[in-house]
Amino acid sequence: MSSQQGGIPLQEVEGRPDYCNEAVFRRNTLPPRSYYIPETALLLNGQWDFHYALSPLEAPEPVADASSPKDWTTAQVPGHWQLQGHGIPHYTNVQYPIPVCPPYVPSENPTGTYRRTFHVPSTWEPGSHLRLRFDGVDSAYHVWVNRVLVGYAQGARNASEFDVTSYVDRAGPNEVLVRVYQWSDGSYIEDQDQWWLSGIYRDVHLISLPSHSRIEDWFLRGDLDSEYQSGTLNATIDIKTASTVTVNVAVRELPENGGASISSAEGQISTDGKLELSIPVSNPKKWTVETPYLYIVEISLSPSASTPGLIRQKVGFRKVELKNGLICVNGTAIRLRGVNRHDHHPRFGRAVPLDFIRKDLVLMKTHNINALRCSHYPSHPGLFGLADELGLWLIDEADLECHGFYDAVARPQDIAEEVDYEERKKLTFPQAARYTSDNPSWKAAYLDRMVQMVQRDKNHTSIIIWSLGNEAFYGENHKAMYEYSKEADPGRLVHYEGDVHAESTDMYSYMYPAVDRLITLAKTEGVNEDGTFEKPVILCEYAHAMGNGPGWLEDYEEAFRTYPRLQGGFIWEWANHGLWKEDDDGKSYYACGGDFGDVPNDGNFVMDGLVYSTHKPTPGLLELKKVIQPVRLAVDENNLVVTNLHNFIGLEYLTASWKLEAFGENTSLLSSGLLEVQPIAPGTTSKVALPEIISSLKLEKDVYLTVTFRLRDSTSWAEAGHEIAWLQHQISSTEPKLSTSLSRVTSVLNCENAGSKATITGLDFSVVFDKARGYITNWVAGGVSMIEANPATGAAIIPGFWRPATDNDNPLSLPYWKRFGVDALTSQLRSSTIEVTTDQVEIETVVFISPPVLAWGYLATTKYTISATGILTIAVSLKPTGYIPKHVPRVGLNLNLPRRFENVKWHGLGPGESYPDKQQAQRIGVWSVDSVAELQTPYEVPQENGNRMKTRWVTVGEPHGRGLRVTAGDAIGWSENSDRAFSFLATRHSAATIEAAAHPCDLVEENATLLRLDAKVAGVGTAACGPGVREDLLAKVENMSFVYVLEPVGV
């Protein structure tokens, strides 16, 4: 056995733990290099021995006896110990979960000790160089091999390699022991908005490399000339050698593209050092996200008596630059249609399998997303090769965030969150920056994080921008990071939102500005007197996708289209971060902050993604796909107006089809076919003649044209026929009709008064009216109960203004509504009259709907008309009085239907939910579901959901057809600011139940089907973090009238 006595001491500075010393972040680690795992590598993932201690001093020491005492167990690597029964997951967004006294951390610093044995494969070269590689350990760790301390590292999302050649026994078993500390000084600059999870959560490898001569590292840049035609592969090869060797670099087509040799070059080197080679490539196919064409570069070393002597790296040819103040690739300004993505798995935390990551990226591509920001650290190293292949613009971001210092500064000053953000920044950011970002003693640690990212990921074509981190204020240490990146890799741009004046970044970057402010910034920030500018504007975060949202997407997209300087942005964020939890009481759910007893926490702010915790799409992702579709479509007379929003390719890769549908009781396909679309260059618009049948058709029906653009051929991310873009355009319309008004039997009406109750009866129906309170309590038709009294209100039909809050309502709208008592409205009957004629009974009530304590309310005049055919028409006129709020959640009716009314069919937007600022992804049609439950959107934090807009009629009934149909009444009964194409929502969950539920498993169904009919509903906005609902999309408190016609069906 070859061994080295001693190793390094446990502490770099005696008496001070490495994990409490900002100047100590790497000890005995090898220089960072490009991510590459050779064939001569032993994967050490799997089951390790594991010991959990509450402090480092209680952690076990490496001992010769490898047996496991009782306090040892096992843990899976990669993995987090909190998800394997040790400690608890802890979620905070901004605030630190530990006292703020950098670089020091709590004495009770949970420590996980991992241990396993390995054997060096006998097929490896006997004298080879051996290194131990850790791709991700949170948060800091010491490493022992055969009880010798070989090194220390921190930087939880960065890799570290240790030379263990001298410590390994090549003939026998070897033991590696890793002591991992939950908290380190690095934790202060790893305060990303995610779960605090610890352990060895990425791959561990033992790697063998030739000892005499080897390729240590390489940097390959596929560049283009100034005309963006001819290419040059610039190769920097880092060689370790003790003799003269020849380095050959060859460019080839990928095997699937024929594997032909393109060009090559070689050079010699005699000592350790770097070799620079430039290889001209005549007119290579250019890499873009729309044409992600890759070549294979082979780097070989000769003579090479050992393996690996050949390195293969995929490379694309493209040029990134600022040109005319815009981010350009291959000379063309690009549009970023992006998302922010954390590494997340609902059961494994940040220990994400590569196939799960691939599914994420494929899902992005299939939803028209073309850009990804690795927030807020370098992602799993396998992600970047997938992005190269699939085609995504990447911002790779340094593992750096420390916005918890904001709370440390702001809370003692009692600075309210309501204070203007720019003002809060002035009061807090300079002080917060002094902790680390503008502190010279932290400069090396900051710089290391930039170096590690750049060196690991530098060969990936998809990365066009490096980012200096996130929400870490701004200081001299950022400037050092910027200078390093420009020196090490001048061919990429640099981003950092915290640099508000773009001193050391190549773009102005903002988070969550309102659209009008964004436009103002584009027109003024960094703009010269002549209107020119040197740097573009992007949104590194916008449209906070928390719960039922985001709104505003089309407004942002319109701003991007209108102002070229606005080059797009990145939605916050890709996925909910719920962790699957099974409680002792049998309940199971995707947990958020506080569900594990973690204090302090930031609750459900970790649930703010376009996909659920399972990474299945939410309605927000479907909305985004439609809004950002790369083909914009409109109808102009008998022409289809097609705008190609791609930056690089025409639309030849798509097929276009059309169909003409009539919507009545069901959907009728009138005609369909293919469209011949001539080539349309990127960024241009063309008109395509529509078939004559479309303009010549004269029908008194609701007729819609739908045009769809689909993939012509299969790609690496979708099959042929996948939908890319679509348009629905109304050709003709007609008044909504009652289903049975012409065939129903007319009967004599009777009205019987008994105390406070009036009962109206016909041939096969009865309606019960409560004269004391002014509402209907029961309606039976054909022996079937249509509506029933709600136990909470006593009414079967009642005006409704309340709904459960969304996550986006919680910061602003919910407290506002509650301040005005909208959640506690009561009713006072002012008057009621009943008028009986031969063909109808008309009941008119005047009710004052108002909250306790306050002096405002709606004076509601409601006219119930019961026809001799058994149809009920409800006309409501609202007049607000007193000190009124400006807006409420909704304006409409609440109906209490029997629980057996399970099937729902409607003509309107569908199949999914829709709100005034979140409806682009839904289509007009005749839709149906077999269960009310199918109408619910299963948000992982229960909230308002399931509204359907632009409804012409809706039927709710039993499986065999008996039920209730609702149609909008005559236009004369609707106020000008109301839309007769109303909204409806059917659910089994009351507003109170939803409001009280922390998780879906807490929802208790009512013994009824609750139906909402609304003349006005509020939009959803993005106020959880960003602008609230657009002013014109609020449900304003104002005079309003609406009419609904209710008729029994199937009875």
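## Close-up views of a predicted model

**View 1. Two prolines follow cis peptide bonds.** Pro103 sits in the loop that runs between strand E5 (90-92) and strand E6 (111-118). Please keep in mind, here and in the views that follow, that this is a predicted model. The peptide bond joining Pro102 and Pro103 is cis, with omega at about 10 degrees. Another cis bond leads from Ser302 to Pro303, where omega is near -10 degrees. Pro303 also belongs to a loop, the one between strand E21 (295-302) and strand E22 (310-315).

View 2. Asp414 is not a glycine, yet its phi is positive, at about 55 degrees. To find Asp414, look in the loop between helix H3 (404-413) and helix H4 (421-433). Is Asp414 buried or exposed? Asp414 is exposed, because its relative accessible area of 68% is over the 50% cut-off. Val853 has a positive phi too, near 75 degrees. Val853 is part of the loop between strand E50 (840-850) and strand E51 (856-867). With a relative accessible area of 86%, Val853 is likewise exposed.

**View 3. A hairpin is formed by E36 and E37.** Strand E36 (residues 631-636) and strand E37 (residues 639-644) are antiparallel partners, paired over six bridges. How many residues lie between E36 and E37 in the hairpin? There are two residues between them, and Glu637 in the turn has a positive phi of about 55 degrees.

**View 4. An open sheet is built from E23, E24 and E25.** Its three strands follow the order E23-E24-E25, with antiparallel pairing. Strand E23 (320-323) and strand E25 (332-333) are the edge strands, each pairing on one side only. E23 is joined to strand E24 (residues 326-329) by four bridges. Within this pair, Lys323 has Leu326 of E24 as its bridge partner.

**View 5. Strand E33 is mostly covered and has parallel partners.** Six of the six residues of strand E33 (residues 566-571) are buried. Strand E26 (residues 336-341) runs parallel to E33 and is joined to it by four bridges. Leu336 has Gly568 in E33 as its bridge partner. Strand E32 (residues 537-542) also runs parallel to E33, with three bridges joining the two. Here Tyr542 is partnered by Ile571 of E33. In general, the strands of a sheet pair through backbone hydrogen bonds.

**View 6. Aromatic rings meet one another and charged side chains.** The structure has 37 aromatic pairs in total. In one cluster, ring pairs link Trp48, Phe50, Tyr52, Trp81 and Tyr114. Elsewhere, the ring of Phe533 has the charged end of Arg565 over it, 4.6 Å from the ring centre. The charged end of Arg923 takes up such a place over the ring of Trp726, 3.9 Å from its centre.

**View 7. Thr734 comes close in space to Asp702.** Thr734 belongs to the loop between strand E42 (723-732) and strand E43 (750-754). How far apart in space are Thr734 and Asp702? They are 5.8 Å apart from C-alpha to C-alpha, while 32 residues apart in sequence. Thr734 is partly exposed, with a relative accessible area of 22%.

**View 8. The second largest pocket has a lining drawn from several strands and a helix.** This pocket has a volume of about 1,000 Å³. Its lining has 45 residues, and Asn790, Thr793, Ile798, Asn894 and Ala991 are the closest to the centre. Among the elements that supply at least two lining residues each are strand E48 (797-800), strand E54 (890-897) and helix H12 (991-996). By class, the lining has 24 nonpolar, 13 polar and eight charged residues.

View 9. Of its 17 lining residues, Pro32, Arg33, Ala159, Ser160 and Gln452 lie nearest the centre. Strand E11 (160-163) and helix H5 (443-457) each give two or more residues to this lining. H5 provides the largest share, with four residues. Seven charged, six nonpolar and four polar residues make up the lining.

Methods:
Residues are numbered from 1 along each chain as its sequence is written. This is a predicted model: local features need pLDDT of at least 70, side-chain atom pairs count only at pLDDT 80 or more; totals for chains, interfaces and linings use all residues. Side-chain values use heavy atoms; hydrogens and water are left out. On a 1 Å grid over the protein atoms alone, a cavity is a set of points where a 1.4 Å probe fits but cannot get out, and a pocket is an open set with protein on both sides within 12 Å along at least five of seven lines; lining residues have an atom within 4 Å of a point. Grid points are joined across faces, edges and corners, and a volume is the space filled by probe spheres set on the points. Ala, Val, Leu, Ile, Met, Phe, Trp, Tyr, Cys and Pro count as nonpolar, Asp, Glu, Lys and Arg as charged, and the others, Gly among them, as polar. Rings of Phe, Tyr and Trp (its six-membered ring) pair if their centres lie within 6.5 Å; planes under 30 degrees apart count as stacked, over 60 as edge-to-face and the rest as tilted. A charge sits over a ring if NZ of Lys or CZ of Arg is within 6 Å of the ring centre and within 35 degrees of the ring normal. Buried means under 20% relative accessible area, exposed over 50%, partly exposed in between (1.4 Å probe, protein chains only). Two strands pair if DSSP finds at least two bridges between them.
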